Structures are given as structure tokens and as C-alpha cells.
Amino acid sequence: MNRTVLGAVIGLLLAAAGLFWWQGRAAVESAAPPPPTMAEIPAEADLEAIPTEDGDGLYGPALPQVDEDTREERRFNRLDRNRDNLINRNEALQPRVAAFRKLDRDGNNLLSFEEWAVATSNRFKGADGDGNGQLTRTEFEKTRPPRPARPQCKC
């Protein structure tokens, strides 16, 4: 009951503040002076500084340059670390090194079946919430890899 009354009072106060702000803006804008007429402009004013209606001789800022890289070119450039326009084996495998290191527990750069099985078993145990050795559909959803974040609009 108290929350409802408090919410109603706060809502009315916000509405009143918005109304006063809106009316205050309207009063300021209505009291603004009118723009000068041609008769009020001094004769000695530099008429060359006033642009003509067709805009002759005026130039705006330069247009932005468009990045013409395709998706495949961007993917290639991410892998080509030394920018020689060639991808060698080390550059191609570099993004996978961190994931491999997590699985290779003994650090011998060989992934044995036991190392893979332990990692998979631990992942299964982490998803099996009730510990019955079986995954339900909701438990199985926990094993899905995270989706990459959608890029924000570059508007």
C-alpha cells in the first residue's frame, strides 16, 4: 500500500516537473527576438560573406572514406599478422593455441585421449545439475558454446 502511494506521488511530481519545464521552454522561445530584415542590415556589411541561394563557391567537408574490405578480406587480415599477404601454418593455428593449452594439462604439446576425456568429463559433470549421470534438455543447453556478441551498429 505504501509503495503504491509513494509511486503515485513520485509520478505526479515528475509529471508536474515536466510540465513546468515544457512551459518554461515555450516561454523562452516565444520571447526570442525576430531575425533582422534586409533594411536593418548595415550598408557597410560585407555582402561577399553572405552566401547566395545556389551556394556557388561553397564547399562542405570531405565525404567519409568507405572501407571496401569484404568479410573474407577482413578474416584474412586478422590471420596475416606480419602483413606479407601470405598466411603460414603458425599464423593459421595461432587463434587455436589458447584452447589447445587449456586441454594439454601436462604441457608436452601432445593432446592425449586421457586429457581430452578428462576435459569432456568435467564439462559433462558441470552441466549435470542433479548428478544423475544423464543430461536433460535444459541441462544440455548449458554445454552450448557462447554465441559471439553481435556487432553494434556503426551509424
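Student: Where is Glu 73 found?
Tutor: Glu 73 is found in helix 2, residues 71-79; helices here are DSSP runs of H or I with at least four residues, strands are runs of E with at least two, and both are numbered from the N terminus. Keep in mind that this is a predicted model, where local features need pLDDT of at least 70, side-chain atom pairs count only at pLDDT 80 or more, and totals for chains, interfaces and linings use all residues. Residues are numbered from 1 along each chain as its sequence is written, and side-chain values use heavy atoms, leaving out hydrogens and water.

Student: Why does Glu 73 count as partly exposed?
Tutor: Because its relative accessibility is 39%; buried means under 20% relative accessible area, exposed over 50%, and partly exposed in between, with a 1.4 Å probe and protein chains only.

Student: Which residues make the negative surface patch?
Tutor: Asp 67, Glu 68, Asp 69 and Glu 73 form it. Patch residues have over 30% relative accessible area and no salt bridge, with like charges joined within 9 Å and nonpolar side chains (Val, Leu, Ile, Met, Phe, Trp, Tyr) within 5 Å. A salt bridge puts a side-chain nitrogen of Lys or Arg within 4 Å of a carboxyl oxygen of Asp or Glu.

Student: And which form the positive one?
Tutor: Arg 71, Arg 74, Arg 78 and Lys 154. Lys 154 lies in the segment after helix 6 (137-140).

Student: Is Lys 154 buried or exposed?
Tutor: Exposed, because its relative accessible area is 82%.

Student: Switching topic: what about a nonpolar patch?
Tutor: Met 1, Val 5, Val 9 and Leu 13 form one on the surface, with about 440 Å² of accessible area together (Shrake-Rupley method, 1.4 Å probe, only the protein chains shown counting as cover for residues). Val 5 lies in helix 1, residues 2-30, and is partly exposed because its relative accessible area is 44%.

Student: What's up with Glu 115?
Tutor: Glu 115, in helix 5 (residues 113-127), is buried yet has no salt bridge. The nearest side chain of opposite charge is Arg 105, 7.3 Å away.

Student: Which residues does Glu 115 contact, leaving aside neighbours within four places in sequence?
Tutor: Leu 103, Asp 104, Arg 105, Asp 106 and Leu 110, where contact means heavy atoms within 4.5 Å.

Student: How many helices and strands does the chain have?
Tutor: 6 helices and 0 strands. Of the 155 residues, 5% count as buried.

Conventions. Lys, Arg positive; Asp, Glu negative; His and termini not counted. Charge placed at Lys NZ, Arg CZ, Asp CG, Glu CD.
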